[in-house]
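This report describes one protein chain.

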Amino acid sequence: MIKLYKRDENGKVSTYYEVWVEPENRRIVAHWGNIGENGDVEAFRVKLLRYLEKQVDDILAPAYDDGFEPLAPSEHATLVIEYKIDGAGTDADLDKRQNLEEAINQKLGWTGLGHCDGGATHTGSMDVACFVVDFDIAQKIIMD
């Protein structure tokens, strides 16, 4: 997946444009919108006689021309969702954490905010770690 972002006049990340390849469906998907919103999606059929990388570059070219660019990992904030469990937790607690991670990852991804990077179990708590481009909007989206 290639993720690009554009900043507003104040330098704040305001919009996103991302592209990923779905080989099983023989398509390239572009997804774009305002940070915190689901945005729009367009699918492109993979052309078998052209290099896949060139096809992706062609889809990304207008976004690059419009000022979109990748963000360095250091430009992402870390958002941790932590909740209490009894002791070291049960298999049901682990299932709950994995389901939470998947749901939050989907929500952050479809709103251009970022992604989850795994979870951890501690004595008395579990957490899910996320990397986001706007902490405040991500927190609001997750809390809703």
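Leaving aside neighbours within four places in sequence, Leu108 is in contact with Leu113, Gly114, His115, Cys116, Cys130, Val132, Ala138 and Ile142. Contact here means heavy atoms within 4.5 Å. The structure is a predicted model, in which local features need pLDDT of at least 70, side-chain atom pairs count only at pLDDT 80 or more, and totals for chains, interfaces and linings use all residues. Residues are numbered from 1 along each chain as its sequence is written, and side-chain values use heavy atoms, with hydrogens and water left out.

**Cores**

Leu108 and Cys130 have the most contacts inside the largest nonpolar core, which has 18 residues. A nonpolar core is a set of buried Ala, Val, Leu, Ile, Met, Phe, Trp, Tyr and Cys residues joined through side-chain atoms within 4.5 Å. Buried means under 20% relative accessible area, exposed over 50%, and partly exposed in between (1.4 Å probe, protein chains only). At least two residues of this core come from each of strand S2 (13-22), S5, H2, S7 and H3. Helices (H or I, at least four residues) and strands (E, at least two) are DSSP runs, numbered from the N terminus. Another core, of eleven residues, lies apart from the largest one and has Val19, Val56, Leu60 and Phe68 among its members.

**The three-stranded sheet**

Three strands form an open sheet in the order S5-S7-S6, with antiparallel pairing. Two strands pair if DSSP finds at least two bridges between them. Strand S5 (77-84) and strand S6 (114-122) are at the edges with a single partner strand each, so one side of each has no neighbour in the sheet. From one strand to the next, the twist averages 20°. Axes are lines fitted to C-alpha atoms, for helices over the stretch in contact, and angles run from 0 to 180 degrees between N-to-C directions. S5 pairs with strand S7 (residues 125-132) in the antiparallel sense over eight bridges, and Ser125 in S7 is the bridge partner of Lys84.

Two helices pack on this sheet. Helix H2 (residues 91-110) touches S5, S6 and S7, and its direction makes about 165° with that of S6. Helix H3 (residues 135-143) touches S5 and S7, and its direction makes about 30° with that of S5.

S3 and S4 pair in the antiparallel sense over six bridges, and His31 stands opposite Val41 in S4.

**Aromatic pairs and single residues**

Three aromatic pairs are found in a search of the whole structure. Rings of Phe, Tyr and Trp (its six-membered ring) pair if their centres lie within 6.5 Å; planes under 30 degrees apart count as stacked, over 60 as edge-to-face and the rest as tilted. Trp20 and Trp110 form an edge-to-face pair, 5.7 Å centre to centre with 80° between the planes. Trp20 lies in strand S2 and Trp110 in helix H2, so this pair ties together parts that are 90 residues apart in sequence. Tyr17, Trp32 and Phe68 form one aromatic cluster.

Arg26 is found in the loop between S2 and strand S3 (27-34). The phi of Arg26 is near 50°, a positive value in a residue other than glycine. Most residues other than glycine have a negative phi. Met143 is found in helix H3, and its C-alpha atom is separated by 20 Å from that of Asp95, 48 residues apart along the chain.

| Residue | Relative accessibility | Class |
|---|---|---|
| Trp20 | 16% | buried |
| Trp110 | 34% | partly exposed |
| Arg26 | 35% | partly exposed |
| Met143 | 67% | exposed |

**The whole chain**

The protein chain has three helices and seven strands, in the pattern β-β-β-β-α-β-α-β-β-α along the sequence. Of its 144 residues, 35% count as buried. The mean pLDDT (the predictor's confidence in each residue, from 0 to 100) is 94 for the chain, and 100% of the residues score at least 70.
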